[in-house]
Number of protein chains: 2
Amino acid sequence: MAEFDLIDRIRSRAATRGDVVLGIGDDAAIVQVPAGRQLVVCTDTLNAGVHFPLDTAAADIGWKALAVNLSDLAAMAAEPAWCILSLSMPADDPAWLDGFLDGFLGLAAQHAVALIGGDTTRGPLSISVTAHGLVEPGGALCRDGAQVGDDLWVTGTLGDAAAALALLLPGAGLPALKRDEDERGRASHPASDPPSPLESARAEAIELLRPRLDRPTPRVAVGRRLGGLAHAGIDISDGLLADLAHICRASGVAAEIELDALPCSPALARAFELRQRRVLQATGGDDYELCFSAPVRARESIDALAVQTATAITRIGRVIAGEGVRARDAGGGQWHPPRPGYTHFAE
Amino acid sequence: MAEFDLIDRIRSRAATRGDVVLGIGDDAAIVQVPAGRQLVVCTDTLNAGVHFPLDTAAADIGWKALAVNLSDLAAMAAEPAWCILSLSMPADDPAWLDGFLDGFLGLAAQHAVALIGGDTTRGPLSISVTAHGLVEPGGALCRDGAQVGDDLWVTGTLGDAAAALALLLPGAGLPALKRDEDERGRASHPASDPPSPLESARAEAIELLRPRLDRPTPRVAVGRRLGGLAHAGIDISDGLLADLAHICRASGVAAEIELDALPCSPALARAFELRQRRVLQATGGDDYELCFSAPVRARESIDALAVQTATAITRIGRVIAGEGVRARDAGGGQWHPPRPGYTHFAE
């Protein structure tokens, strides 16, 4: 299968929209931005082994490649519209491509996003997506609008994706399962033995948590309605503390969060001791939840928004004067994470 | 240097424009598309060792990554406006990044293109650029408008980039230098000997031709003015015959080109025998010249455009009824290339 067959395969499956003047198949695509709207553009690249485990299913890779971009649009309070896909593959593999498109186009369909163009090349597996959204002028949610006295909120639950990664790569210095300590010092046993309690607990936790790593939910509906409610927003890709620090830096403020308020999934609570899961919740990346600041008067509207969108939205702290992000434990003491969050190229 | 330092390094050097509402540094960029314009979007990815030789200078990689995208916009007759850069690097290397930005932002400045956002990730060296341009509604030049009786034209000269690659990778089954046959059968000589005539000729040809591989010139000014003159257009990235075949397929027509009419650089003519350079000119990729069809009545305007833009524009054939692309040699006989052009994933 040559490059143009791959492109035909993609084109035959891509949906369109009324504002797409020219889709896949020419040197470029043409779209009509509605009058009175501004264009919001973002890009995110996923590299095999860096942004997803090498064993990730093709459909999950496709889903995630678009999801992380829709998450950026959601964090800007933008309505997603069109996307561009650049796909580097080491070899021609139609079955893999079909799986990838299942995930990618499945998520695109959920949000009426049209795939309008792209590029397919030979190279190490890498997916680069550019997503386009629309906002009313002045309606975007940026990082620099947080004000002293604002509440801080997050959607969904935190730490699940990082927990899944910790379980999949247990040698990476990340927290271990609750049961690990019970097992410590025991001799290894033959593979033919029934799974140990630790192995069973690990398998169960991976089953529950891995979908959060592989198929993050971009908070598009919540993000869209935050434009008029929130002062500043970001999506959590590198970890709550690290991403919240971006808001603080851009807004010239500080933030104080209550560790005990951070939303926790039942699966995470079951698998990890409190001390371990705090690290995951406060610093784990890849959750793609939204973190935003909003004035106290918006509390009722935000609670209503949570109900309307069937999305948990939890108040986790407040914006204060100063700089930096402080996390407090139940006793009111300051908590220091082992590391603030994930950055590429860091030591 | 962490990811955010890299981003700061890029941001500090990127120019902006009046229509950029929010540039690098938030979850997404925001731009204002002027009223009465359509948005043209394209993307092209360059992977190390696939789209450029591994020894390519950082500045040339930066230049080419943007140039191939501006070339797509030119082929659509669009005016370039903004771009997004996704950069995967195997390791943090500020000196390499500075060189890359020299080439990338240098070309961007020539065309008043603003770099408005992007992504930096760890991974094998790969550069994915999405470029945005503007056209009046209906003013874009597409592949499907060629009409029987149209002239066929190309800008610049053909085959130079492929010739440079052939000289750099002489074992790849591509044509050899004129002097190769003189050398055939001679014993190899020690490296300390003075260079042979063949070695000197090769070094000279590489010096003259390699800039065409490393720093292609996107034909932006020509492309912009073709909107009102031409019927169909494409940029030559995979080779003239292959790319012209896209126009024919999309337009439901055939094309006939005169091999002797294909424009040839002095360097190419000097280095390669006629038979060899025909293959390079007709099927060599990476030239990023424009190929377009236009009605006969536009000949004078196109000649004037060549003068105004200081760009060679050469008539190479015509659009006829039927399907496929035929190349004729001086005697009027049909010429068959060893292969039609470059495609990824092909055998």
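**Ground rules**

I number residues from 1 along each chain as its sequence is written, and chains are lettered from A and ligands numbered from 1 in the order in which they are written. The model is predicted, so I note that local features need pLDDT of at least 70, side-chain atom pairs count only at pLDDT 80 or more, and totals for chains, interfaces and linings use all residues, while side-chain values use heavy atoms, with hydrogens and water left out.

**Entry 1: annotated sites**

I looked up the UniProt record. An unreviewed entry there places the feature "binding site" at Thr43(A), Asp44(A) and Asp119(A). The annotation "binding site", also from an unreviewed UniProt entry, covers Asp238(A). I keep in mind that UniProt positions are given in the numbering used here, that feature names are shortened, and that annotations may be inferred rather than shown by experiment.

**Entry 2: Thr43(A)**

I found Thr43(A) in strand β3 of chain A, residues 38-47. Helices (H or I, at least four residues) and strands (E, at least two) are DSSP runs, numbered from the N terminus. Is Thr43(A) buried or exposed? Thr43(A) is buried, because its relative accessible area is 6%. Buried means under 20% relative accessible area, exposed over 50%, and partly exposed in between (1.4 Å probe, protein chains only).

I then listed what Thr43(A) touches, not counting residues up to four places away in sequence. In chain A these are Asn69(A), Ser128(A), Val129(A) and Thr130(A). In chain B they are Ile84(B), Leu85(B), Ser86(B), Gly118(B) and Asp119(B). Contact here means heavy atoms within 4.5 Å. The side chain of Thr43(A) also reaches the backbone oxygen of Val129(A) at 2.8 Å.

Asp119(A) sits in strand β5 of chain A, residues 114-122. With a relative accessible area of 11%, Asp119(A) is buried.

Asp238(A) is in the loop between β8 (232-235) and α8 (240-251) of chain A. I note Asp238(A) as buried, at 12% relative accessibility.

**Entry 3: where chain A meets chain B**

How many residues does each chain bring to the contact? Chain A gives 61 residues and chain B gives 61 residues. The area buried between the two chains is about 4900 Å², with carbon and sulfur atoms giving 58% of it. Buried area is the accessible area (1.4 Å probe) that two parts lose on being put together, summed over both.

I counted 24 residue pairs in polar contact between chain A and chain B, both residues at pLDDT 80 or more. A polar contact is a pair of N or O atoms within 3.5 Å; within protein, one must be able to donate a hydrogen and the other to accept it, and residues adjacent in sequence count only if both atoms are side-chain atoms. On the side of chain A that touches chain B, the largest share, nine residues, comes from β3(A).

Four salt bridges are found across this interface. A salt bridge is a side-chain nitrogen of Lys or Arg within 4 Å of a carboxyl oxygen of Asp or Glu. I noted the side chains of Asp26(A) and Arg143(B), which meet in a salt bridge at 3.6 Å, N to O.

**Entry 4: salt bridges within a chain**

I searched the whole structure and got 46 salt bridges over all chains.

Arg9(A) forms a salt bridge with Asp98(A), the closest N and O atoms being 2.9 Å apart. This pair links distant parts of the chain: Arg9(A) is in helix α1 (residues 3-13) and Asp98(A) in helix α3 (residues 94-110), 89 residues apart. Arg9(A) counts as partly exposed at 28% relative accessibility, and Asp98(A) is partly exposed at 24%.

Glu79(A) forms a salt bridge with Arg224(A), with the closest N and O atoms 3.8 Å apart. Glu79(A) lies in strand β4 (residues 79-89) and Arg224(A) in helix α7 (residues 220-226), so the pair ties together parts that are 145 residues apart in sequence.

Arg215(B) counts as partly exposed at 32% relative accessibility, whereas Asp60(B) is buried at 15%.
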